[in-house]
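This report covers aromatic pairs, a chain interface and some backbone angles. Look over the model first, then read on.

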Amino acid sequence: MGGPATDMRQKLLEIRGLEVEFQTRRGIARAVNCIDLTLYAGERFGLVGESGSGKTTMILALLRMIREPGRISGGQVLLDGVDLLKLSDEEMRKTRLAGLAMVPQGAMNSLNPVMRVGDQIRLSMSEHGQRRPAEAGRIEELLQMVGLRPQVAELYPHELSGGMKQRACIAIAISLRPRLILADEPTSALDVVVQRHIMQTLRSLGESMDATVLLVGHDMGLMAQFTQRMGIMYGGKLVEVGTVEEIFSSPKHPYTQLLIASIPSFKSRGEFKGIPGVALSLLNPPTGCLFHPRCPQALDECASVDPSLKELDGHHTACLLYGREGTHAATPA
Amino acid sequence: MDKLSSVFTYLKDSPMLTAGLGLMAAILLFCVAGPLFVDTDAAQPLSVTPRLSPSAEYPFGTDDAGRNLLAVMVLGVPLTLRIGLLAGSVGLGVGILLGFGSGYIGGKVDTLIRGTVDTLLTVPSLVVLISIASTIREEISVEIMALVVASLAWMWPTRTIRAQVLSLRERAYVQMAKLNGMSSLEIIWKELFPNLLPYLAANFAGAVSGAVLATIGLEALGLGPQNEPTVGMTIYWAISFSALIRGMWWWWAIPIAFLAMLFVSLILIAAGLDELANPKQRMAV
Amino acid sequence: MSRGFIIRRVGLFLIVVWAAASVNFFIPRLATGRDPIREKLGLLAASGGLRQEGVEAMVKAYQAKFGLDKPLHTQYLNFLLNSARLDLGYSLANYPARVGRMIANAMPWTMGLLLVATIIGFSLGTLMGALAVWARAPALFRHLVFPLMTLSAIPPYLLGLVVIYTLGLQLNIFPLSGGYSPGTFPGFRLDFILEVIHHSTLPALAIVLQAVGFWALGMRGMMVSTVGEDYIALAEANGLRSKTIFFRYAVRNAFLPQYTALGLSMAFAVSGQVVVEVVFAYPGMGTLLFRAIQASDYTVINGVVLITIMAIGLVTMVMDFTYPLLDPRISHQRLD
């Protein structure tokens with residue numbers, strides 16, 4: 001394996017003004033709110049936020065899997081320059097797995113219980129037009145790539161442990177060599193040792209295939225170890241984007257600062273415990289900056305002006321503390 | 001008052017339960033108001049001109065033997081309901097006893113009860129009821145009919161209640177009650193029972209429906225109370241006297257219409273209550 | 001499948017049959033405190049309903065068979081032995097017809113109708129229930145739920161009367177009753193088979209109408225929870241075709257409890273069919289039973305009850321044996 005030498009700044013995924021709305025009885029909730037984000041080829045990017053911050057919804061939006069009563073209400077998702085939101089349903093179906101693949105959150109139940117693991121990998125490939133002869137040995141190869149014995153192909157999901165199931169899911173995800181791998185808390189149901197192994201597998205696979213990995217989660221420690229750049233989400237908005245070093249050593253947005261401060265002292269691992277204040281209601285969002293009611297450093301104008309992402313010493317944040325700017329979106333983060 | 005308004009809120013959200021209760025109310029109204037307007041003596045043979053199609057005088061027509069079918073329905077629908085309610089209550093009562101016992105005590109008691117129930121469920125109950133009813137044919141009254149039907153009406157409630165108790169038993173509040181030193185009986189009565197109430201009500205509607213179904217099945221074969229004008233016996237007489245081929249459609253269509261209303265009402269009530277007991281299962285239409 | 005499981009399951013089947021036979025034996029004796037067979041024989045002889053030599057022969061036959069003068073437990077043992085050999089004795093009302101022979105004649109009719117109607121009702125209902133939940137299916141299927149629910153609530157023999165009246169009498173498309181026309185001689189010929197199908201259509205329709213509703217409701221409930229499963233979402237994320245996800249992921253898994261229910265419902269289906277057969281004068285076990293009830297022919301009643309319970313027990317057992325083929329989780333647990 002090992003792709004050709006690539007320009008590390010080659011853009012792979014450009015998200016522009018992405019919006020997802022949910023129509024509820026009590027009004028419209030904007031779960032993903034005007035997100036701008038660019039991912040580069042081969043990088044590992046972490047997306048962090050509380051539950052309900054819209055990070056999983058955003059992943060589903062990238063796959064165009066938002067269900068009623070939700071809908072993608074605006075924006076562009078450019079994968080290698082192609083706007084996924086403009087593809088036909090069938091083109092989008094073919095792009096899933098081949099262009100961008102998903103490693104699921106709940107590996108315990110993510111495989112079809114009545115189908116052998118090998119058959120599930122084979123089915124995913126054949127549904128994308130992969131011919132049978134080309135598959136000979138490919139399934140075993142894929143299983144070995146994710147650290148499973150080839151014999152696992154003959155087993156049913158209930159015969160696998162949680163970690164093995166997650167590896168099988170990864171084997172499916174990489175079967176068509178996607179450029180982008182979306183991993184939504186891929187280790188949340190696993191114990192710590194297995195967690196580490198799975199993350200190492202994902203990392204080495206991403207590197208060997210030169211694939212971009214978008215990791216979603218709330219475990220700051222895991223993010224610090226695994227990713228190169230991070231984005232912080234709050235209330236469906238991206239409030240800060242930067243390298244791991246920047247985010248951890250000099251967080252800019254007050255929300256990020258509280259997030260970092262709330263990590264338990266043994267710095268390597270830990271989940272944040274929440275931020276004081278009333279949780280955000282997407283149905284009835286505050287005016288101005290969404291975070292201002294809970295923000296310890298809020299200014300008067302925070303209640304009226306909604307800041308957008310703005311570059312600041314190489315990394316980006318959406319906060320009025322760092323100066324006002326116009327309504328238009330800043331340069332892509 | 002608060003509870004009442006929440007009931008109404010629920011009814012507004014559950015068209016099934018509302019429709020089911022509405023139908024049932026209509027049937028009950030017919031049973032209660034009927035005798036005030038109709039001479040029920042005309043439900044006996046030879047009381048009116050036979051073989052009349054529905055008219056203003058006899059809205060449901062008359063049968064071969066000279067019964068006024070309106071009078072027959074006014075008497076028969078409550079009789080059939082009574083058999084169903086009696087058998088359903090006995091069935092549910094036994095089901096509650098065995099279901100709670102099986103689910104809560106567990107162990108060998110559970111194995112025995114579950115095994116018996118699962119075995120009996122594979123036996124065609126109507127066929128067994130036929131064998132019972134045919135031997136005591138002459139002595140069948142409405143009450144005996146109910147008991148015969150109830151003898152095989154308890155398995156399904158037992159099975160489903162047991163499953164519910166098993167899942168409830170593991171819930172935190174039951175575990176808390178245990179830690180607080182409540183006895184098994186207390187826990188069943190004070191903790192499990194109230195939580196299962198809507199579920200039990202749904203089961204009751206199901207049990208009544210099953211009992212009426214079995215009753216009508218037996219009666220359609222002639223194995224019902226011979227001298228009572230129940231709905232099922234009316235259908236039996238209609239079949240026996242070839243009402244179908246002779247074009248006397250009202251003789252069989254009217255009892256069927258009443259039964260259809262009854263069954264649909266019961267299934268709607270059961271489904272609506274099931275939703276109430278189990279909001280997760282709420283049908284996502 | 002382990003040998004232990006097979007032995008236990010066959011044992012359960014034998015227990016059911018034994019219990020059914022015992023109920024048959026004891027209920028008449030306990031319920032009335034008398035022996036209905038002997039009573040019936042006396043009644044028939046007194047009313048001259050039987051030719052004298054017939055009664056003599058029958059009484060002798062019964063005394064030899066059941067040893068009616070012997071103590072109850074001996075009678076019981078004899079009864080069990082005879083039942084085990086499927087020797088069901090003579091019909092009381094149609095001597096010298098043997099009960100076993102009468103049942104053997106009626107059995108294929110009942111089994112044929114039951115199997116065909118159940119298979120059609122089950123497959124159609126399962127598919128409609130699945131489509132009612134599938135978001136990409138035509139909205140029509142979502143609106144069918146209420147009519148299906150109504151149909152499922154009404155017993156098939158009542159639907160049968162409606163069906164006879166509309167399709168049989170008013171439109172005159174199908175024959176009203178019987179298994180074949182009176183003039184036809186039964187045999188394995190195309191015209192006879194077509195005639196049987198023609199005659200069976202209405203009773204089958206009555207059963208199917210109710211069964212479709214029942215199975216659609218069950219499948220719908222199962223599908224609602226299945227489509228929420230993680231593996232459905234991942235299948236979509238993996239770009240599988242909608243059709244593949246529907247059949248091989250959603251339906252395939254939601255079907256499993258449905259299949260278990262099919263085994264349990266056989267008993268229920270037979271109960272309904274007994275009356276359907278009566279309504280249609282269809283020459284199966286139900287009609288045989290009905291005539292026997294009318295003639296107080298206890299040996300036939302007992303025989304039909306016993307054989308029906310055995311047949312259903314057998315079907316349920318076969319279904320239990322085939323279930324592991326559908327669900328790998330079961331077979332492997334049993335193998336361990």
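## Aromatic pairs

F241(B) has a relative accessible area of 40%, so this residue is partly exposed (buried means under 20% relative accessible area, exposed over 50%, and partly exposed in between, with a 1.4 Å probe and protein chains only). W237(B) is also partly exposed, because its relative accessibility is 22%. These values belong to a predicted model, in which local features need pLDDT of at least 70, side-chain atom pairs count only at pLDDT 80 or more, and totals for chains, interfaces and linings use all residues. Residues are numbered from 1 along each chain as its sequence is written, chains are lettered from A and ligands numbered from 1 in the order in which they are written, and side-chain values use heavy atoms, without hydrogens and water.

Over all chains, the structure holds 20 aromatic pairs (rings of Phe, Tyr and Trp, the last by its six-membered ring, with centres within 6.5 Å; planes under 30 degrees apart are stacked, over 60 edge-to-face, and the rest tilted). W237(B) and F241(B) make a tilted pair, 6.4 Å centre to centre with 45° between the planes. F255(C) and Y259(C) make another tilted pair, at 6.0 Å and 40°. Both F255(C) and Y259(C) are buried. They lie four residues apart, about one turn, in helix 11 (residues 242–280) of chain C (helices, H or I of at least four residues, and strands, E of at least two, are DSSP runs numbered from the N terminus). One aromatic cluster includes F255(C), Y259(C), F214(C) and W215(C).

## Where chains A and C meet

In chain A, 26 residues are in contact with 21 residues of chain C (contact means heavy atoms within 4.5 Å). The two chains bury about 2,300 Å² between them, 55% of it on carbon and sulfur atoms (the accessible area, 1.4 Å probe, that two parts lose on being put together, summed over both).

Two salt bridges are counted between chain A and chain C (a side-chain nitrogen of Lys or Arg within 4 Å of a carboxyl oxygen of Asp or Glu). R67(A) forms a salt bridge with E236(C), with the closest N and O atoms 2.4 Å apart.

## Backbone angles in chain A

Most residues other than glycine have a negative phi, and most peptide bonds are trans. The bond from E68(A) to P69(A) is cis, with omega near 5°. P69(A) sits in the loop between helix 1 (55–62) and strand 4 (70–79) of chain A.

D80(A), not a glycine, has a positive phi of about 55°. E185(A), also not a glycine, has a positive phi of about 40°. E185(A) counts as buried because its relative accessibility is 13%.
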